[in-house]
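Subject: Structure handover

Hi,

Here is the structure I promised to pass on.

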Amino acid sequence: MKNSNIDIYYASAGVGKTTKLLDIVDQHIKAGVPIERIAFLTFTKKAAEVAKMRTSERFGIPLGRLENFRTIHSLCFKRCGAKMIQMMDRYKYKEFGDESGYDLSHINLNYAEGISWRDNNDTRLVALEQLYRNNPKYCEKITDNFSDMIRYMTEYTKYRREHEVLDFTDLLENYIKNDFTEDVDVVCLDEMQDSTPLQWRVVFQAFRNAEHIYIAGDDKQAIYQFAGASPDVLVNMKGNQHILDTSYRVPSEILEFSNQIASEISVRSNAYCKAIKQGGEINYLTDINEIEYVSELYAQGKTVFMLARNNKFLSKYVDFCKEHGIQYKYKGEPVFSSDEKFQFKYGMTELWSQEKLMFAMDCDSRGTFYDEPRVNISTIHSVKGDEADAVILMGDISKVVSQQMDIDEDTEHRSFYVGVTRAKERLYIIEPQTKIYYPYLY
């Protein structure tokens, strides 16, 4: 693949990078390229499904013809002939720990909460091993003690071989080892700021025979460095470079504020962005109880994100919504399912807790129980790619995240850049409620 056949679109929040790639798909379809000869890969399953649905709706193409619209891991899973029963999960990790003398009984594979890289615990080794295989350079930056990890890697490799199981990094490595390639003409790679060096190797091997490769990403939103994301690969990519310079989501005042956060990032592209919408509001609240704005916004039909960096802080938002009879989603899932709404309507609530029933009755008395919830209580990582009319954001961070900032501040600059830029109209920042917080919001 020659650099002249690679087009790179550097983005910012709300500029419509996925829309740009779909426009490119449209151009090639009109030029006579069959959809089966076009691949569209992205980082998360959620983003891949969105791209698939938008393509199907926009071009009237049945979903069954969009087999090449998937994640990088999904591509490797399919080509390597893997089965889900083979894949490592928390139960297999626990079994491995029991056999090898590691305490993995409380393993949590969601590392977005933060990782104590320098603590002496066994669960840290799980994250370090995966990080080393995906991005050894970054792994060496955050730890200088490899003796424990080498022993762990030896035992872990032995376990996978003897039990004939795989982890998701194995899929990437096996794809490269087998020298697989994909027979397509056009490739669109979205959200590539979150890809690891190993994933970059996969895509450039897979599509080395393609006629055109289009890459889109915003290095300011690379919030998965704990998993090996390497935004500097995107920043230094060779090819025809373009800047998507207009944000259709973020109004000017909030965009300017987000750019101040982004300016703290040490490794970033020169992508700039202007707002198509002028204005926007930024307000500071001294206490969580001051967010009575939510009730007013809800009455106006506005959508609201109530965000925090860590799960531990979300309970404050939950308590507020319950106190004020505001129905909500928790990380995108409605607090009352459609089945539960049916049960409530017909008095089938005998198995409900008293607290849940009282909350439902309060929402019902306010006329909000049967509404689609417009308030989403979530961590920043869980709403990446989404947007709301108003964002309420806490700056407090966990002790583990604070320790991570001592090693690498850029990751948290990017996380809070993402949080701020979800706002389409208004941003409310809550003053620190603890002694540990992200200082650049204030």
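The strands involved are β2 (residues 38–42) and β4 (residues 186–189), which pair in the parallel sense over 4 bridges. Two strands count as paired here if DSSP finds at least two bridges between them. The strands (E, at least two residues) and helices (H or I, at least four) are DSSP runs, numbered from the N terminus.

Before going further, some housekeeping. This is a predicted model, so local features need pLDDT of at least 70 and side-chain atom pairs count only at pLDDT 80 or more, while totals for chains, interfaces and linings use all residues. Residues are numbered from 1 along each chain as its sequence is written, and side-chain values use heavy atoms, with hydrogens and water left out.

Back to that sheet. β2 and β4 belong to an open sheet of 6 strands in the order β3-β2-β4-β5-β1-β6, with parallel pairing. At its edges stand β3 (69–71) and β6 (240–243); each has a single partner strand, so one side of each has no neighbour in the sheet. From one strand to the next, the twist averages 20°, with axes being lines fitted to C-alpha atoms (for helices, over the stretch in contact) and angles running from 0 to 180 degrees between N-to-C directions.

Stepping back to the whole chain, there are 17 helices and 15 strands. The C-alpha atoms fill a box of roughly 60 × 60 × 50 Å along the principal axes. For 442 residues, a compact globule would have a radius of gyration near 22 Å, and the 23 Å of this chain agrees with that; the value is taken over C-alpha atoms, and the globule rule is 2.2 Å times the number of residues to the power 0.38. Buried residues make up 52% of the chain. Buried means under 20% relative accessible area, exposed means over 50%, and partly exposed is in between (1.4 Å probe, protein chains only). Among contacts (heavy atoms within 4.5 Å) between residues at least 6 apart in sequence, 80% join residues at least 24 apart.

Which residues touch the most other members of the largest nonpolar core? Of its 79 residues, they are W117, L393 and L441. Such a core is a set of buried Ala, Val, Leu, Ile, Met, Phe, Trp, Tyr and Cys residues joined through side-chain atoms within 4.5 Å. Leaving aside neighbours within four places in sequence, L441 is in contact with several residues, including F257, Y284, L393 and F416.

Another strand to look at is β10 (residues 304–308). 5 of its 5 residues are buried, so the rest of the structure largely encloses β10. V304, M306 and A308 point one way from it, and F305 and L307 the other way. In a regular strand, side chains alternate between the two faces of the sheet. β10 pairs in the parallel sense with β13 (residues 375–379) over 5 bridges, and there F305 has N376 as its bridge partner. On β14 (residues 388–394), which also runs parallel to β10, there are 4 bridges, and V304 is partnered with A390.

Among the helices, α9 (197–206) is mostly covered, with 7 of its 10 residues buried. W200, V202 and A206 are among them. The cover includes α3 (72–79), α5 (122–134), α8 (168–177), β4, β5 (212–217) and α10 (231–235).

The loops have a few things to show too:

- E191, in the loop between β4 and α9, has a phi near 55°, a positive value in a residue other than glycine. E191 is buried, at 13% relative accessible area.
- K331 sits in the loop between β11 (329–330) and β12 (333–334), also with a positive phi near 55°. K331 is partly exposed, at 32%.
- A222 lies in the loop between β5 and α10 and is buried at 0% relative accessibility. Its C-alpha is 9.0 Å from that of V418, although the two are 196 residues apart along the chain. Beyond its neighbours within four places in sequence, A222 is in contact with Q193, D194, P231 and R414.

Cheers
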